[in-house]
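Subject: Structure handover

Hi,

Here is the structure I promised to pass on to you. Please open it alongside this note, and my findings follow below.

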Amino acid sequence: MPFEPYGERAVNTVVALVNSLTPGDDGLPDLDACAELLGEHGWIVDDLTSADLAFLRALRPRLRVAVEGGDEREVVAHLNRLLSECDVLPQLTDHDGGWHFHYARPGATLAQRVFVTSLMALLLVVRDRGSDRLRTCAADGCANVLFDTTKNHSRRFCDARTCANRVHTAAYRRRQRAKAGTPER
Ligand SMILES: [Zn+2]
Ligand SMILES: [Zn+2]
């Protein structure tokens, strides 16, 4: 797959960050929550600061614009605009045994590294797979975004355990009601 080794991880970080902010519910209230979210996606969080937390919290609505679907040119323009705010200095490194790019300037804060790496990963997704690989969940009333990595472009729900089940259960109940002759509401 012609994708950065850490690209998928970075895109999934964006999806998790965006999905942590839903109306009336903020899943990123403090440093512990932030460390957990980033740690789950492979980031070393030893140097996480409250400035990083504030930066990432404020970044979420701006990242959402890039991943909830929409006109591809607008998505790219938005990502390029965000990238122009970053302190970018691409360097090839093999500190962990395999060649990969670091995009943020050496010594950048954790939040800057997450920001820059994520933007580059999102741009590579758009270039290699199309911006519609990132879009909102198909379940009614769910505003979560998802990253579709299926071969046939078939992923519909943000999380198979919750939204997919909810939709399938609703469809099952509709079929049962139809069988029993109960009129659809
Ligand atoms: Zn590295
Ligand atoms: Zn969903």
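At what angle do the axes of helix H3 and helix H4 cross? Roughly 145°, and the axes of H3 (residues 50–67) and H4 (residues 72–83) come within 8 Å. Here axes are lines fitted to C-alpha atoms, for helices over the stretch in contact, with angles from 0 to 180 degrees between N-to-C directions. Helices (H or I, at least four residues) and strands (E, at least two) are DSSP runs, numbered from the N terminus.

Before going further, a word on conventions. This is a predicted model, in which local features need pLDDT of at least 70 and side-chain atom pairs count only at pLDDT 80 or more, while totals for chains, interfaces and linings use all residues. Residues are numbered from 1 along each chain as its sequence is written, chains are lettered from A and ligands numbered from 1 in the order in which they are written, and side-chain values use heavy atoms, with hydrogens and water left out.

Arg62, Val65 and Ala66 of H3 are in contact (heavy atoms within 4.5 Å) with Val75, His78, Leu79 and Leu82 of H4. By class, the residues of this contact are five nonpolar, one polar and one charged, where Ala, Val, Leu, Ile, Met, Phe, Trp, Tyr, Cys and Pro count as nonpolar, Asp, Glu, Lys and Arg as charged, and the others, Gly among them, as polar.

Next, the metal. His95, His100 and His102 each coordinate the zinc ion (ligand 1) through NE2, at 2.0 to 2.1 Å. Donors are N, O and S atoms within 2.8 Å of the metal (3.2 Å for Na, K and Ca); water is not among the atoms, so the site may look incomplete. Along the chain, the donors follow the spacing H-x4-H-x1-H. His100 is buried at 4% relative accessible area, whereas His102 is partly exposed at 36% (buried is under 20%, exposed over 50%, partly exposed in between; 1.4 Å probe, protein chains only).

Finally, the loop between E6 and H6 holds Asp148, which is buried with a relative accessible area of 0%. Leaving aside neighbours within four places in sequence, Asp148 is in contact with Arg133, Arg135, His153, Ser154 and Arg155. His153 lies in that loop, between strand E6 (145–147) and helix H6 (160–179). The phi of His153 is near 65°, a positive value in a residue other than glycine.

Best wishes
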